[in-house]
Every structure is written in C-alpha cells, then in structure tokens.
Amino acid sequence: MINRIFNEDCQDTMLLRDIKYDYVLTSPPYNLGGDFHTFVKGKRVTHGDYDGFSDNLPEHEYQKQQISVLNQLYDGLNDEGVCFYNHKVRIKNRKIIHPLEWISKSKFNIYQIVTIDFGSTPNVDKSRFFPVSELMFILTKKQEPLILNEKCFTDIVKIKKGGRKKGHPATFSENMAETFLSATKTKGIVYDPYIGTGTTAIVCKKLGFKYLGSEVSKNTFQIANERIKGTLF
C-alpha cells in the first residue's frame, strides 16, 4: 500500500483503509468560492475552480468538514508524528476567517505556527495591506514530535510559490514541501489527503520518504501519476 495515491475522497481513504503514517503534509482547498485568479499587467485573470468539485461550501460546513478530516488524520498518525497543515487567513465580507477557528476544535495539539512569506500576492485591494503570507500549522499528538530543525529555520520562512499546473488552479509548492520535510528526524511515511497533482509524492521521492495520497478528481489523479512517473511537467 506504500507509495500509492488513491482516487477517492480522503475521508473514504481514512475510514476504509487501515493506514498509519509518520507525517501529514497537506494544503486543503481554502473554500475560496472557486475564485482562483492572478493579475497580469494589471488585469485580473481567472483560472476557474477545482476539477470534480466546487470550492464553495457554506463556511460552517467547510469548517465542520475540516475538523472531521483533521480528527481522522490524528487517528492515523503515529504518536510521535507531525501534521504539517498549510492554510491562510481569508477575508470574507470585510472580516477575517482564521484557521484557528476550526483547528483548535480538532484533537490535535497546536505545536507551532510558522508564517510562510511568498513575497507577492494576486490580491492588490488597496483598502488593506497586501497579504503575502500563509501559515503552516505544526500539529502533534502531545508527544515529543519528530522535528529536527538542523537547518535553523525561523518561524518566518520565505517560500517560492508553486508554478500553476494544467488541470489544477492552486498547485502546492515543491519548495514548501522540501522545507518542512527537511526539518524532520526520520524519513518515514508521509500522507497527503489533498495530494492534487502529486507534489508531495514527488518531493518524498526526491528526499527518500515513502508516500501515500488521496485525490478525488479522476483527471487530477491521472496528472499526479504521470508527474510521479516523470512523464509530465
């Protein structure tokens, strides 16, 4: 079962399959209403929504879903394991929604919060300071975690954004995956419940980790497998 991606909802993977892992590394959909966009020469360019589902749940349903996913991740994680959960502070109706609103309701211990500095943003709304950061929540089971910061990272880390991939509007950054996996003690099994186009698996292969992943979209699942085999991008 190791080094495999399942073409199914991550909650099905965790409920139906008896899998255990040492690390979680993931960035779930942010519930942005399918509004993925950039600005090119001052003009807004919309990239559309995820393939296979809409990133536009009522907020209370989204948070309930994320709590459920986090609790299932907790149950599958080894006692010394670490969950790296990437999210960001969103703005809706002129107020912020912070990920702590639901993470603090999960089973996880919030071990540390690291600020990710991307250095740029597609959001140039001049009614606020431009947001160039996201957050990495380091979550544990209240045991001594498998963290070893040999590279002496601070709690503000500069990260290169992931390049946009065909068939996916919000690709995970390889640089981010490499940064956080390089701060672990052992090269164990990494599970990404929202593996998308396979970035976590590709970095795991590069660094010597084993991997597991889930991806609900059949098209994105196929892209991930082609990338992992080295036949695409």
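This is a predicted model: local features need pLDDT of at least 70, side-chain atom pairs count only at pLDDT 80 or more; totals for chains, interfaces and linings use all residues.
## Basis of the model

Local features are given where pLDDT is at least 70, side-chain atom pairs count only at pLDDT 80 or more, and totals for chains, interfaces and linings use all residues. Residues are numbered from 1 along each chain as its sequence is written, and side-chain values use heavy atoms, with hydrogens and water left out.

## Overall composition

The protein contains six helices and twelve strands; these are DSSP runs numbered from the N terminus, helices being H or I of at least four residues and strands E of at least two. Of its 233 residues, 47% are buried, where buried means under 20% relative accessible area, exposed over 50% and partly exposed in between (1.4 Å probe, protein chains only).

The accessible surface is about 11,900 Å², and carbon and sulfur atoms account for 51% of that surface; the areas come from the Shrake-Rupley method with a 1.4 Å probe. Contacts are heavy atoms within 4.5 Å. Among contacts between residues at least 6 apart in sequence, 71% join residues at least 24 apart.

## The eight-stranded sheet

Eight strands form an open sheet with mixed pairing, in the order E1-E12-E11-E2-E5-E9-E8-E10. Its edge strands are E1 (4-6) and E10 (156-158), each of which pairs on one side only. From one strand to the next, the twist averages 20°. Two strands are taken to pair if DSSP finds at least two bridges between them.

Strand E2 (21-26) has six of its six residues buried. Five bridges link E2 in parallel to E5 (residues 77-87), with Tyr 23 partnered by Val 82 of E5. E2 also pairs in the parallel sense with E11 over two bridges, and here Val 24 has Tyr 191 as its bridge partner.

E1 runs parallel to E12 (residues 210-214), to which three bridges join it. Ile 5 stands opposite Gly 213 in E12. Helix H5 (residues 199-207) packs on the sheet and touches E2, E11 (189-192) and E12, its direction making about 175° with that of E12. Helix H6 (residues 218-228) likewise packs on the sheet, touching E1 and E12, and its direction makes about 175° with that of E1. Axes are lines fitted to C-alpha atoms, for helices over the stretch in contact, and angles run from 0 to 180 degrees between N-to-C directions.

## Cysteines

Cys 10 counts as buried because its relative accessibility is 4%. Cys 83 is also buried, because its relative accessibility is 0%. With a disulfide defined as a pair of cysteine sulfur atoms within 2.5 Å, the count is zero disulfides.
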